[in-house]
Amino acid sequence: MSTYTQSIFIAFFITIILSFVLFIPWLIYTYRKYGYLPMSKTIIMFSFIFYFLSALCLVLLPFPSSRDTCSLQSEDTVHTNLRLFQFVDDVLKDSGVVVTNPSTWLAITKQQAFFQAFFNFLLLMPFGVYLRYFLKERRYWKRAFLISFLLTLFYEVTQRTGIYGIFNCAYRIFDVDDLLLNSVGALLGFFLAPIVWALFPSHEEVEAKAAEMEKNDIVKPISILLALAIDLFIVQSVWMIIGVLTGYSGTFEFLVKMALYVVLFGVLPSMMNGATLGMKVMRFTMVNKNGKSIVKQSWRRCIAIIATLCLSEAITTLGDIQLDMDSPFYVLQIVISLLAAIAGFALTMIIAIHVVRVIISGGKRRLYIDQYADLMATRKK
């Protein structure tokens with residue numbers, strides 16, 4: 001049992017790491033597709049990742065102490081069982097069970113072979129439940145069975161090949177009974193799945209809410225923030241390429257980034273009816289409800305963004321000033337560095353509080369850059 005719990009704990013730890021990596025892409029995907037974050041789909045998706053990793057860890061862990069697993073095994077070690085229903089003989093062997101005497105049947109549950117078979121039956125049952133959610137309709141049960149069979153075949157081949165050569169001998173047996181029990185367990189999970197998914201909103205309900213939000217032209221603050229994050233990521237990525245190719249930094253880096261900000265937040269929105277590349281990804285654009293020129297207002301937004309970044313850069317530059325202790329301005333430098341640190345912290349907190357207020361307002365408040373430019377987000381073309 002400790003082996004099972006340890007494998008699940010490892011899967012949980014890996015899931016946490018993957019969650020940090022995948023959460024932002026998941027936000028971008030869901031807000032782009034639905035316009036909001038469906039908690040039900042988020043729970044289902046990340047629980048599926050955890051389940052899949054748990055199943056994989058349970059199948060493969062613990063690893064042998066050496067890659068030379070052949071030396072750890074006797075010459076008559078069996079690596080393959082191609083006899084179907086061998087597990088039945090294993091369960092009945094030395095169990096004292098008499099098939100014609102029901103009073104002896106309970107002894108089956110005391111056999112290790114029984115628990116091994118029962119575990120294999122349960123292992124992919126949740127997978128069948130998830131397949132029902134993804135495939136939606138019961139009539140796809142043959143497809144679900146095939147997918148489940150291929151998954152368990154992948155597990156068995158991985159074990160039989162010593163994880164494709166990492167270990168020179170298989171350290172677990174390739175068993176056709178596992179193929180049968182895993183696949184049947186997944187199929188049963190597929191048919192029982194409606195009991196579980198009745199607790200969650202259906203695909204149709206999620207899509208209906210998304211359609212209502214699009215009809216009412218609601219763009220959530222998170223969508224706007226994600227679009228801004230995508231734009232800033234593009235700037236940073238382009239600069240990294242330029243920086244690697246040129247080897248320059250410092251003032252050159254600042255000038256290149258300013259040029260990129262002008263192009264991304266000023267030039268492109270003027271050419272794309274108010275949308276930046278990030279907004280295109282998130283499927284919305286900016287408009288002025290008072291009929292003002294979108295080009296002019298886009299440039300105002302660009303100026304607000306660049307002004308904020310320039311202020312942050314100036315504070316950082318002042319804080320990085322270093323003078324020798326013998327300099328007559330050394331004390332002044334200490335004071336300036338302290339003030340710069342305070343100013344940097346204050347600026348960060350002001351922006352963070354502002355962003356939080358915008359998020360919790362649910363769209364009633366706008367980012368200061370959009371407020372200054374008098375722009376509103378819209379999904380209407």
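**Close-up 1. The surroundings of M282 in this predicted model.** Leaving aside neighbours within four places in sequence, M282 is in contact with I28, Y31, R32, S223, L226, A227, I230 and R379. Keep M282 in mind for the next view, where it turns up again among the residues with the most contacts inside the largest nonpolar core.

**Close-up 2. The largest nonpolar core, built from 34 residues.** Which residues have the most contacts inside this core? They are I224, F265, M282, F284 and M286. At least two core residues come from each of these helices: α1 (2-33), α10 (221-246), α11 (251-271), α12 (277-282), α13 (294-319) and α15 (368-373). The top contributor is α10, which supplies eight residues.

**Close-up 3. The disulfide between C70 and C169.** The structure holds one disulfide, so here it is in detail: the sulfur atoms of C70 and C169 lie 1.8 Å apart, and the torsion about their S-S bond is about 85 degrees, so the disulfide is right-handed. The two cysteines are 99 residues apart and link distant parts of the chain. You will find C70 in the loop between α2 (39-60) and β1 (80-81), while C169 sits in the loop between α7 (162-165) and β2 (174-175). Are the two partners buried or partly exposed? C70 is partly exposed, at 30% relative accessible area, whereas C169 counts as buried, at 17% relative accessibility.

**Close-up 4. Two other cysteines, C57 and C302, both buried.** C57 has a relative accessible area of 9%, so it is buried. C302 also counts as buried, at 2% relative accessibility. Where is the cysteine sulfur closest to that of C302? It belongs to C310 and is 10 Å away, which is too far for a bond.

**Close-up 5. A nonpolar patch on the surface.** F9, I10, F12, F13, I14, I16, I17, F20, V21 and L22 make up this patch, and together they have about 960 Å² of accessible area. One of these residues, I10, is found in helix α1. I10 counts as partly exposed because its relative accessibility is 31%.

Note on methods
Residues are numbered from 1 along each chain as its sequence is written. This is a predicted model: local features need pLDDT of at least 70, side-chain atom pairs count only at pLDDT 80 or more; totals for chains, interfaces and linings use all residues. Side-chain values use heavy atoms; hydrogens and water are left out. A nonpolar core is a set of buried Ala, Val, Leu, Ile, Met, Phe, Trp, Tyr and Cys residues joined through side-chain atoms within 4.5 Å. Buried means under 20% relative accessible area, exposed over 50%, partly exposed in between (1.4 Å probe, protein chains only). Helices (H or I, at least four residues) and strands (E, at least two) are DSSP runs, numbered from the N terminus. Contact means heavy atoms within 4.5 Å. A disulfide is a pair of cysteine sulfur atoms within 2.5 Å. Patches are made of residues with over 30% relative accessible area and no salt bridge: like charges are joined within 9 Å, nonpolar side chains (Val, Leu, Ile, Met, Phe, Trp, Tyr) within 5 Å. Accessible areas come from the Shrake-Rupley method with a 1.4 Å probe; for residues, only the protein chains shown count as cover. A salt bridge is a side-chain nitrogen of Lys or Arg within 4 Å of a carboxyl oxygen of Asp or Glu.
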